[in-house]
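Student: Hi! Could you walk me through this one? I'd like to go over the side-chain contacts with you.
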Amino acid sequence: VKVPPPETDGYVMQQTMLRVKDPKVSLDFYTRVLGMTLVQDLHFQQWGFSLFFVAYLPEGVSLPGESNSPERMSFLWSLPATIELTHNHGSETKEGQVYHTGNSYDGVEGGFGHIGITVPDVYAACDRFKSLGVSFKKSPNSGGMKGLAFVLDPDGYAIEVVCQGPEPIKKDLDCCGFSSDGSVSGVLQVASGEPSYATEGEGGALMDVTRYYYGEENSVKVPPPETDGYVMQQTMLRVKDPKVSLDFYTRVLGMTLVQDLHFQQWGFSLFFVAYLPEGVSLPGESNSPERMSFLWSLPATIELTHNHGSETKEGQVYHTGNSYDGVEGGFGHIGITVPDVYAACDRFKSLGVSFKKSPNSGGMKGLAFVLDPDGYAIEVVCQGPEPIKKDLDCCGFSSDGSVSGVLQVASGEPSYATEGEGGALMDVTRYYYGEENSVKVPPPE
């Protein structure tokens, strides 16, 4: 079995960052509809933004310590699959939609596609979502792929809803009136007016979030019981060439290729990469029921999506989020947490990785942003309650600002590239198996 680089031991796929217009509206949705827990809120008035981390807590685990305590911060930075809802102060006062939510419209080829949750029963989950007034992009029986759905959050981000078993449960009629055999077409619900799940109170900058942490009589808030077993399973990113991306995510970041899926009839392939829980290895063979059940219950995977033929195009293919070319991008980045940001970045630099921010550059010290081959930003954060800080970082920036270095920009064939062809329906054996067909282990770093 392929082993990740030992230097990546302890790395966690910790966050997916989405910009939201009004944190109250978003927190109402993510906690009361999806059943996530508000883990921590952080405010940076000097830079005009706030962060709200929501997640599904592991079974039997409750929030440790008080908000902002060392115990809570250590817990946050080691918790896989959080959603970092980012509020730029004042965005709540703007009219209409504020951010481009990924995918392709308005002439923009969006690279970010969706986040995805997995649930025990897609039809039951969607019945409840519809009763709460949630918008549907796809109901379980509409479209070509049956048994999965897409709902929209208040900002318009797509959230895939997938069954956790090896095969999706399918029912004759879904919540929006579509039949599984295509003989009956229903109507996809579009949210309108104040949703039934909305809480009382004001939103906007520096809002009071007590109601999201505490329930009646200051008891810790419990997610809706209908959401028991839900998993924040995936973040979908479109990539130009799967070989180039798999080389990066497995050999640089140290993730494991869990499963590849191919849909030739629709012209795309999916490659799910993730950090496996400590002591856990891939069960069964590729595409076996054991492997598929494992995949759909595994938090924090990255779904690298390859639209066949994109690898032949010149230059950058997808808009990778954030704001440029006149587009206010809503998707910001994914984020990994590591035991030592400076050591991780020393290694990334030695492998020829591009930096958007080194640990000491910019205003926030002790964290970094690197770029994947398609230009998606990946935040690198320390797992402790406070970031480790060193006088000089890998790009030559000093922590006190007295010395300015140069951010590395990747050029040419990277040192971590594997041999072999990429593109549509490429051979991925080398990402599953190492020498003599032993299971591939991530880099120890």
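Tutor: Happy to. One term first: buried means under 20% relative accessible area, exposed means over 50%, and partly exposed is what falls in between. Keep in mind that this is a predicted model.

Student: Okay, is Asp-340 buried, exposed or partly exposed?
Tutor: Asp-340 is partly exposed, because its relative accessibility is 22%.

Student: What does the side chain of Asp-340 meet?
Tutor: It meets the side chain of Lys-390 in a salt bridge, at 3.4 Å from N to O. Asp-340 is in the loop between strand E17 and helix H7, and Lys-390 is in the loop between strand E20 and helix H8, so the pair ties together parts 50 residues apart in sequence. Lys-390 also counts as partly exposed, at 35% relative accessibility.

Student: How many salt bridges does the structure hold?
Tutor: Six. One of them joins Lys-24 and Asp-28, with the closest N and O atoms 2.9 Å apart.

Student: Where do Lys-24 and Asp-28 sit?
Tutor: They are four residues apart in helix H1 (residues 23-33), so about one helical turn separates them. Both Lys-24 and Asp-28 are buried.

Student: And what does Lys-243 form with Asp-247?
Tutor: A salt bridge, with 2.9 Å between the closest N and O atoms. Lys-243 and Asp-247 both lie in helix H5 (residues 242-252), four residues apart, about one turn of the helix. Lys-243 is buried at 9% relative accessibility, and Asp-247 is buried with a relative accessible area of 2%.

Student: Changing topic: how many aromatic pairs does the structure hold?
Tutor: It holds 15. Among them is the edge-to-face pair of Phe-53 and Trp-77, at 5.5 Å centre to centre with 80 degrees between the planes. Phe-53 belongs to strand E3 and Trp-77 to helix H2, so this pair ties together parts 24 residues apart in sequence.

Student: Which residues form an aromatic cluster?
Tutor: Phe-112, Tyr-157, Phe-331 and Tyr-376 form one. Charges also sit over rings: the charged end of Lys-137 is over the ring of Phe-150, 5.9 Å from its centre. Lys-356 lies over the face of Phe-369, at 6.0 Å from the ring centre.

Student: Back to E3. How does E3 pair with E2?
Tutor: E2 and E3 pair in the antiparallel sense over seven bridges, and Thr-37 has Ala-55 in E3 as its bridge partner. The two strands form a hairpin with four residues between them, and Gly-48 in the turn has a positive phi of about 75 degrees. Strand E2 is mostly covered, with seven of its eight residues buried.

Note on methods:
Residues numbered from 1 in each chain as written. Predicted model: local features only at pLDDT ≥ 70, side-chain atom pairs only at ≥ 80, totals over all residues. Heavy atoms only, no water. Phe/Tyr/Trp six-rings, centres within 6.5 Å; stacked < 30°, edge-to-face > 60°. Lys NZ or Arg CZ within 6 Å of the ring centre and 35° of its normal. Buried < 20%, exposed > 50% of the residue type's maximum accessible area, 1.4 Å probe, protein only. Pairing = 2+ DSSP bridges. Salt bridge = Lys/Arg side-chain N within 4 Å of Asp/Glu carboxyl O.
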